[in-house]
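Hi,

Here is the structure I promised to hand over.

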Amino acid sequence: MTIIEETDWAGLHDRNGSAHPDTPALLLGLTSDDPYAVEAGLAHLSLELIEYPNVYSAAVPAARYVAGLVGDPRCPRRADLLAWLGRVVDAVSDAMVREFVDLAGYSPLDYPTSTFQQIRELRPQLVASVEACVDDPNPVVSRAARAAVAGIRA
């Protein structure tokens with residue numbers, strides 16, 4: 001069973017509310033031969049799952065799913081997926097937690113089940129997926145992986 005199938009998307013949220021049915025359908029589009037489906041999936045990742053200073057709950061399984069895709073050379077737009085993983089990790093960095101506290105008046109890390117905390121727990125897996133692509137034979141993917149690694153703040 002895949003991450004897409006095992007996730008209760010109705011219990012998760014994106015910027016517009018319930019992540020069901022849009023998020024899983026759009027994530028599946030990331031591996032499509034249809035460039036419009038791939039573009040729609042990338043747009044959803046960037047515009048609906050992370051919105052400064054928020055990281056929505058659907059970003060957690062989405063990040064796990066994308067981390068599994070970036071190592072597959074058959075997957076289109078891997079460079080964009082690597083960049084998104086870098087943004088997800090950066091969105092829950094210590095610097096972003098401080099900014100969240102300044103804006104909201106509390107820390108998202110005060111809640112052990114917060115999306116911030118869940119992504120931070122996934123951070124080693126996400127970073128490892130990005131780092132594994134640094135020596136990819138595709139120079140576009142390799143450059144994107146190096147840029148994502150360099151851009152990840154602790």
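Y106 counts as partly exposed, with 39% relative accessibility (buried means under 20% relative accessible area, exposed over 50%, partly exposed in between, with a 1.4 Å probe and protein chains only). Before going further: this is a predicted model, in which local features need pLDDT of at least 70 and side-chain atom pairs count only at pLDDT 80 or more, while totals for chains, interfaces and linings use all residues. Residues are numbered from 1 along each chain as its sequence is written, and side-chain values use heavy atoms, with hydrogens and water left out.

Back to the rings. The structure holds 3 aromatic pairs; rings of Phe, Tyr and Trp (its six-membered ring) pair if their centres lie within 6.5 Å, and planes under 30 degrees apart count as stacked, over 60 as edge-to-face and the rest as tilted. F100 and Y106 are an edge-to-face pair because their planes stand at 80°, with the ring centres 5.4 Å apart. F100 is buried, at a relative accessible area of 8%. Y106 also pairs edge-to-face with Y111, at 5.9 Å centre to centre and 85° between the planes. Y111 is partly exposed, at 47% relative accessibility. Ring pairs join F100, Y106, Y111 and F116 into a cluster.

Next, the core. The largest nonpolar core has 47 residues, and L30, L45, L81, W84, L85 and L126 have the most contacts inside it. By nonpolar core I mean a set of buried Ala, Val, Leu, Ile, Met, Phe, Trp, Tyr and Cys residues joined through side-chain atoms within 4.5 Å. The elements giving two or more residues to this core are α1 (3–6), α3 (35–48), α4 (59–69), α5, α6 (94–104), α7 and α8. Helices (H or I, at least four residues) and strands (E, at least two) are DSSP runs, numbered from the N terminus.

The 13 residues of α8 should span 18 Å at 1.5 Å a residue, and the end C-alpha atoms are 18 Å apart, which agrees; the expected span is 1.5 Å times one less than the number of residues. V141, S142, A144, A145 and A148 are buried in α8. Seen down the axis of α8, the buried residues fall within an arc of 165°, so they line one face of the helix (the arc is that of the directions from the helix axis to the C-beta atoms). These buried residues pack against α5 (78–91) and α7. One of them, A144, has 15% relative accessibility and, beyond its neighbours within four places in sequence, is in contact with A79 and L82. By contrast, the C-alpha atoms of A144 and L109 are separated by 29 Å, though these residues are 35 residues apart along the chain. At the start of α8, a side-chain oxygen of N138 comes to within 2.9 Å of the backbone nitrogen of V140.

On α7 (residues 115–131), have a look at S129. S129 is buried, at 16% relative accessibility, and touches A67, V70 and L82, not counting residues up to four places away in sequence.

P137 sits in the loop between α7 and α8 (139–151). P137 is exposed, with 77% relative accessibility. P137 and P73 are 64 residues apart in sequence and 9.4 Å apart in space, C-alpha to C-alpha.

Finally, some backbone details to check. Where are the cis peptide bonds? One runs from H20 to P21, with omega near 0°, and P21 is in the loop between β2 (17–18) and α2 (22–28). Another runs from Y52 to P53, with omega near -5°; P53 is in the loop between β3 (50–51) and β4 (54–55). R77 has a positive phi of about 60° although it is not a glycine. The loop between α4 and α5 is where R77 lies, and R77 counts as partly exposed at 37% relative accessibility.

Key. Contact means heavy atoms within 4.5 Å. A polar contact is a pair of N or O atoms within 3.5 Å; within protein, one must be able to donate a hydrogen and the other to accept it, and residues adjacent in sequence count only if both atoms are side-chain atoms.
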